[in-house]
Each structure stands twice: as structure tokens, then as C-alpha cells.
Amino acid sequence: MTPDELRTFCLSFNDAVEDFPFDPETSVFKVAGKMFALTALGGHPLTVNLKCDPDLAVQLRAAHPEIAPGWHMNKRHWNTVTVDGDLPDRQLRELIEDSYDLVVAGLPRAQRLRLDRP
């Protein structure tokens with residue numbers, strides 16, 4: 001997945017926006033003001049921090065060397081995924097969608113319904 005494909009996919013979700021609260025190089029993708037992905041799109045290698053269920057995070061890290069505890073994040077709830085082609089794009093897309101869904105699940109019911117994700 002290229003940086004442009006990563007950005008496009010993150011912005012494809014309902015109400016997703018890109019923000020730059022830290023610096024102009026670090027893209028933060030949010031839904032309803034809550035972060036679901038963080039990446040430096042110009043970084044080499046390209047990495048993305050994604051929210052993850054804590055139990056699944058441990059399993060993913062054990063099975064995939066390109067998935068590590070979230071860098072500068074709560075390591076229980078966030079993974080850093082290296083986007084270097086070793087992890088299939090399909091699986092990366094699923095991890096991004098799961099991150100988005102976890103954030104949406106924590107929103108008030110009215111906001112979840114507005115996003116069509118009960």
C-alpha cells in the first residue's frame with residue numbers, strides 16, 4: 001500500500017478527517033474528533049499506528065514481525081504496523097477498519113447511529 005492509498009483508505013470511512021495536530025508531517029486520521037490512525041506518510045519505511053483490541057494485539061504481534069507495540073502510544077491498545085509489503089494489503093485494510101470501528105464503538109449511541117455503525 002502506498003502513502004496515497006493509505007490516506008485515501010483512511011478518509012473513505014464515514015466522517016473521517018485528516019488532521020495535523022503534532023507537526024505538518026504527521027497525519028492523524030480521526031472520526032468524531034477521536035484518532036483511529038496516525039502516520040508519517042513520507043516516512044521510510046511507512047508505518048501506521050492503529051487501535052486494536054488488546055487480546056488481538058498480542059496475537060498479531062506474535063504472528064507478524066511487521067506489527068509491533070504502538071510507538072509513543074498506549075502499547076496495550078495500539079499497534080505500529082510497518083507497511084512494507086510483507087503484510088497483505090487486505091489484512092492492512094482490515095486492521096485500519098477495525099481501528100475505526102473500535103473508536104466508533106466508544107462514541108455515544110447517537111453519534112454511532114449517525115455514522116451508520118450501530
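1. On a 1 Å grid over the protein atoms alone, a cavity is a set of points where a 1.4 Å probe fits but cannot get out, whereas a pocket is an open set with protein on both sides within 12 Å along at least five of seven lines; lining residues have an atom within 4 Å of a point. Grid points are joined across faces, edges and corners, and a volume is the space filled by probe spheres set on the points. The model is a predicted one, in which local features need pLDDT of at least 70 and side-chain atom pairs count only at pLDDT 80 or more, while totals for chains, interfaces and linings use all residues. Residues are numbered from 1 along each chain as its sequence is written, and side-chain values use heavy atoms, with hydrogens and water left out.

2. How many cavities of 30 Å³ or more does a search of the whole structure find? The search returns 1. The volume of the largest cavity is about 50 Å³, and its lining consists of L50, K51, C52, L60, I67, N79, V81, L95 and D98. Two or more of the lining residues come from each of β4, β6 (78–82) and α3; helices (H or I, at least four residues) and strands (E, at least two) are DSSP runs, numbered from the N terminus. By class, this lining holds 6 nonpolar, 1 polar and 2 charged residues, where Ala, Val, Leu, Ile, Met, Phe, Trp, Tyr, Cys and Pro count as nonpolar, Asp, Glu, Lys and Arg as charged, and the others, Gly among them, as polar.

3. The largest pocket holds about 240 Å³ of space. Its lining includes F22, L38, W71, H72 and M73, and the elements that contribute two or more residues to it are β3 and β4 (47–51). The lining residues divide into 6 nonpolar, 6 polar and no charged.

4. Aromatic pairs number 4, a pair being rings of Phe, Tyr and Trp (its six-membered ring) with centres within 6.5 Å; planes under 30 degrees apart are stacked, over 60 edge-to-face and the rest tilted. One of them joins F9 to F13 edge-to-face, at 5.2 Å centre to centre and 80° between the planes. F9 is buried at 18% relative accessible area, as is F13 at 9% (buried means under 20%, exposed over 50%, partly exposed in between; 1.4 Å probe, protein chains only).

5. Relative accessibility is 0% for F36 and 0% for Y100. Ring pairs bring F9, F13, F36 and Y100 into a cluster.

6. R93 lies over the face of F9, 5.6 Å from the ring centre; a charge sits over a ring if NZ of Lys or CZ of Arg is within 6 Å of the ring centre and within 35 degrees of the ring normal.

7. Helix α3 has 17 residues and spans 24 Å from its first C-alpha to its last, close to the expected 24 Å, the expected span being 1.5 Å times one less than the number of residues. Buried residues in α3 include L92, L95, I96, Y100 and V103.

8. R61 is placed in helix α2 (residues 54–63) and is partly exposed, at 21% relative accessibility. Its C-alpha lies 13 Å from that of K51, 10 residues apart along the chain.
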